[in-house]
Amino acid sequence: MSELSFKDKVVIVTGAGGGIGREYALAFAKRGAKVVVNDLGGSHTGEGKSSKAADKVVDEIKAAGGIAAANYDSVEFGDKIVETALNNFGRIDIVINNAGILRDVSFAKMTDKDWDLVYTVHCKGAYKLTRAAWNHMRDNKFGRIIMTSSAAGLYGNFGQANYGSMKMALVGLSNTLAQEGKGRNIHCNTISPIAASRLTESVMPPEILDQLKPEYIVPLVLYLCHEDTTETGSVFEVGAGWVSKVRLQRSAGAYMKDITAEKVKENWPTIENFEVNPAYPTSAADSVSGIINAANSGKSSG
Ligand code: NAD
């Protein structure tokens, strides 16, 4: 099989000064892309800043014969990151929303600062950058966007109410952008990775971390961002060399004439039965028509 090339594609990778982001930046550059290496260079809890992290990766790419430019802005100023891409490379093809911080604390102890900082980096940052890139992609009739979610968002995790909320918000953003981008060849997918990095080194034992190399996340993202790939609006779990697609499942449900709380109680086993005729809605229209159809067929059989 021929190698998936990114020759002359312009790629922005946020948080590319370390962890998974660095691996994306190196891999895209190796395959011919011109890469904007964005990193604020602060701590993993979102404090401080430094140009060192991004500069180091740009140097590495250049030393290997690749093309890259550094950007040190926080993702909340996404328009400035797009400016760096346009000033250096004249266009923008691919956006990898990867930058991230953690401010883990139980909800009982969470402060507004814990909430706001995590919102600003993950949610507002992905919005600002993608919004600034969007119209260029629309005009070029080409775009590939990745949102980075997390198991903490998809499933919930103790101590991560802030992080989990923002990570699930990105799924919603991705789903809508996939629909709005369809006519313009702009695709948007979401990944939920697991990898050894400064975000996970304190919460997992070394033997597990050994299996979770950050470079194992890269191939899926390369595939999703390639010009020949048609996949859009999907969510993937990825790590340790394993990739899986995740979707929402809806039970066949129960129609209750003159619905009451007591009838809901009585029908609970049917409502939560995923074995018989489940559905997999993929749009809001799908969801609404599914509800109307299910209710109508319940009415006619009841
Ligand atoms: P990491 O801390 O190694 O890398 C994140 C990078 O983002 C850092 O270099 C940091 O400086 C940069 N950054 C932070 N705030 C920024 C800002 N405001 N603007 C620009 N850059 C900023 O972490 P990682 O594990 O490589 O995480 C990458 C992404 O994957 C994050 O979005 C994270 O939430 C997500 N994620 C990681 C895991 C995992 O297992 N590592 C699991 C689920 C989700």
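In strand S6, threonine 190 is the bridge partner of methionine 147. The structure is a predicted model, in which local features need pLDDT of at least 70 and side-chain atom pairs count only at pLDDT 80 or more, while totals for chains, interfaces and linings use all residues. Residues are numbered from 1 along each chain as its sequence is written. Helices (H or I, at least four residues) and strands (E, at least two) are DSSP runs, numbered from the N terminus.

Strands S5 and S6 (residues 186-193) run parallel and are joined by six bridges; two strands are taken to pair if DSSP finds at least two bridges between them. Strand S4 (residues 94-96) also runs parallel to S5, and three bridges join these two strands. Within that pairing, isoleucine 145 of S5 stands opposite valine 95. The chain passes from S4 through H4 to S5 in a right-handed β-α-β crossover. A crossover is right-handed if, with the strands pointing away from the viewer, the path from the first strand over the helix to the second runs clockwise.

Strand S5 (residues 143-148) is largely enclosed by the rest of the structure, because six of its six residues are buried. A residue is classed as buried if 20 or more other C-beta atoms lie within 10 Å of its own, as exposed if 12 or fewer do, and as partly exposed in between, with C-beta atoms placed from the backbone. Gly143, Ile145 and Met147 point one way from S5, Arg144, Ile146 and Thr148 point the other way, and all are buried.

A corresponding description applies to strand S2. Five of the five residues of S2 (residues 34-38) are buried, and the strand is mostly covered. Lys34, Val36 and Asn38 are directed one way from S2 and Val35 and Val37 the other way, all of them buried. Strand S1 (residues 10-13) pairs with S2 in the parallel sense over four bridges, and valine 13 has valine 37 in S2 as its bridge partner. In S3, alanine 69 is the bridge partner of valine 36. The chain crosses from S2 through helix H2 (residues 52-63) to S3, again as a right-handed β-α-β crossover.

In soluble globular proteins, nonpolar side chains tend to be buried together. The largest nonpolar core of this model has 72 residues, and those with the most contacts inside it are Val11, Ile12, Tyr24, Ala25, Val35, Val37 and Val221. Helix H4 (residues 112-140) gives the most to this core, with nine residues. Such a core is a set of buried Ala, Val, Leu, Ile, Met, Phe, Trp, Tyr and Cys residues joined through C-beta atoms within 7 Å. Apart from residues up to four places away in sequence, valine 11 touches Phe6, Phe28, Ala33, Val35, Asp93, Ile94 and Ile96; contact requires C-beta atoms, placed from the backbone, to lie within 7 Å.

Aspartate 114 is located in helix H4 and is buried, with 20 other C-beta atoms within 10 Å. Excluding residues up to four places away in sequence, aspartate 114 touches Arg103, Val105 and Asn162. The C-alpha atoms of aspartate 114 and arginine 144 are separated by 31 Å, the two residues being 30 apart along the chain.

The ligand is surrounded by 32 residues, of which the closest are Gly15, Gly19, Ala99, Gly100 and Ser197. Two or more residues of this shell come from each of helix H1 (19-30) and H4, and H1 gives the largest share, three residues. By class, the shell has 11 nonpolar, 19 polar and two charged residues, where Ala, Val, Leu, Ile, Met, Phe, Trp, Tyr, Cys and Pro count as nonpolar, Asp, Glu, Lys and Arg as charged, and the others, Gly among them, as polar.

Positive phi values were also examined in residues other than glycine. Aspartate 258 has a phi near 50 degrees and lies in the loop between strand S8 (242-246) and helix H9 (261-266). This aspartate 258 is exposed, with 5 other C-beta atoms within 10 Å. Asparagine 277 has a positive phi of about 45 degrees and is placed in the loop between helix H10 (268-271) and helix H11 (284-301). Asparagine 277 counts as exposed, with 11 C-beta neighbours inside 10 Å.

Terms used: Contact = placed C-beta atoms within 7 Å. Near = placed C-beta within 6 Å.
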